[in-house]
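Dear colleague,

Please find the structure below, followed by a summary of what was found in it.

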Amino acid sequence: MRPAARGLLAAAALGLALGGCASLGGGPSEPGAGPAPIARDPLAARHRQQAEALERDGQLRRAAEEWKIVLTITPNDAKARAALGAVQAQIDQGVTERLDEGRKALARGVQVEARRKFLAALALDPSNRAAFEALQSNTREVEFIAHTVRAGDTLSALAQCYYGDRSRSEVIWETNQLPPNPRLQPGTTLKIPEIPGVPFVHPEAPRRPAPAVAAVPTPDMPRPAPVAPGPGTAPATPPGAPTPKEEYTPEVNPLLAEAREAVDRSDFADAIATVDKYLAGKPGDRDGLTLKKQALYGQAKSQMNARQYTESIQSLTQLTRLQPDYEDAPALLKQARTRNIEMHYTQGVRFYREEKLKEAIAEWRLVLEMDPGHANARRNIDQAEKLLKGLEQRMKK
């Protein structure tokens, strides 16, 4: 670049820097955020930033979709193609690990844990045939007994009590997702799962009697004589009284349980993907919608803390569609939009100072998409375009 042109650009950058500082009005800055190269095409740049943010947040499947969009816009982008390959490799590795963990859980007889692992594999890759077949063919709904912990209970003692085998304590431990060497608190409830091929031995366990063929009564068939109750025996059910039914603790849907666990460990993306599968079969279910709102709210706050404002806006928009007045979601949404505008405006000023005029213009155009009335962004675009045109004319001389 010729000295005259460089001097013109430096003077213009100084004037814009002063105007930019005034326009920010003392709003929150982005400490430590250095200039990051973006693609020339503003649309590709936006999807690239989203892909990188999703990848940092561990949302690999969504990151892969964003990289595919970038490659659709700029097919010759070698870096985007390499990034997509790396993300896909992580997805494949994660699916393989979860399938292996699920098969090992099946070998130990822990059906609940196996379902959880196969569902996690499908959350990473919904089209994975091996995970789908494993979930459909190798696992099934499991019956539970709800056990209220009493003083002195241990996992080994419970395994002996319900299965007749102390070594089955690991099944109870994994099903309830307990910490290592847990101390069972009296009053808490544990799920005691059925183990395929291992009959319950506890008297409270549900029984599955073999089906019997009822005899067809005939007029000359003798009727059984009533048996008088012996001493200490409870009286028989009075004639006409309803037959008492055995009470069972209803089983929590595995998808709903998986989503709750994901929320508890702050894996909000996994929780949302899992609860969406649950809601696909039960649209409008209150428990499912409540859990989805919790997951969206947690994800939005996490994204705000990571300065992923675009993603936070998306999460909060979904949340407010479900419930407009959820917690402080409306205020958070407004705050995320304000910070997103400030971030792109400031990034535009940085690019301008670095003499990256086209990139600066792209950032300020993003600002105008979010806030069409942003006067400083519009004025800066006009100034940068005039300066860019003047530099191009000088370079031709």
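Glu354 counts as partly exposed, because its relative accessibility is 33%, where partly exposed lies between buried (under 20% relative accessible area) and exposed (over 50%), computed with a 1.4 Å probe on protein chains only. The side chain of Glu354 meets that of Lys356 in a salt bridge, at 3.5 Å from N to O; the term requires a side-chain nitrogen of Lys or Arg within 4 Å of a carboxyl oxygen of Asp or Glu. Lys356 is likewise partly exposed, at 32%.

Please note that this is a predicted model, in which local features need pLDDT of at least 70 and side-chain atom pairs count only at pLDDT 80 or more, while totals for chains, interfaces and linings use all residues. Residues are numbered from 1 along each chain as its sequence is written, and side-chain values use heavy atoms, leaving out hydrogens and water.

The structure holds ten salt bridges. In one of them, Lys292 pairs with Asp276, with the closest N and O atoms 2.9 Å apart. This pair links distant parts of the chain, 16 residues apart: Lys292 is in helix α11 and Asp276 in helix α10. Helices here are DSSP runs (H or I, at least four residues), numbered from the N terminus. Lys292 is buried at 14%, whereas Asp276 is partly exposed at 31%.

Arg265 forms a salt bridge with Asp270, the closest N and O atoms again being 2.9 Å apart. Arg265 is partly exposed at 45%, and Asp270 is buried at 11%. Together with Asp267, these two residues are linked in a network of salt bridges.

Helix α10 (residues 268–281) also contains Thr274, which is buried with a relative accessible area of 3%. Beyond its neighbours within four places in sequence, Thr274 is in contact (heavy atoms within 4.5 Å) with Leu255, Glu258 and Ala259.

Three aromatic pairs were found in the whole structure; rings of Phe, Tyr and Trp (its six-membered ring) pair if their centres lie within 6.5 Å, with planes under 30 degrees apart counted as stacked, over 60 as edge-to-face and the rest as tilted. The rings of Tyr352 and Trp364 have centres 5.9 Å apart and planes at 40°, so this pair is tilted. Tyr352 lies in helix α13 (residues 329–353) and Trp364 in helix α14, so the pair ties together parts twelve residues apart in sequence.

Methods:
Helices (H or I, at least four residues) and strands (E, at least two) are DSSP runs, numbered from the N terminus.
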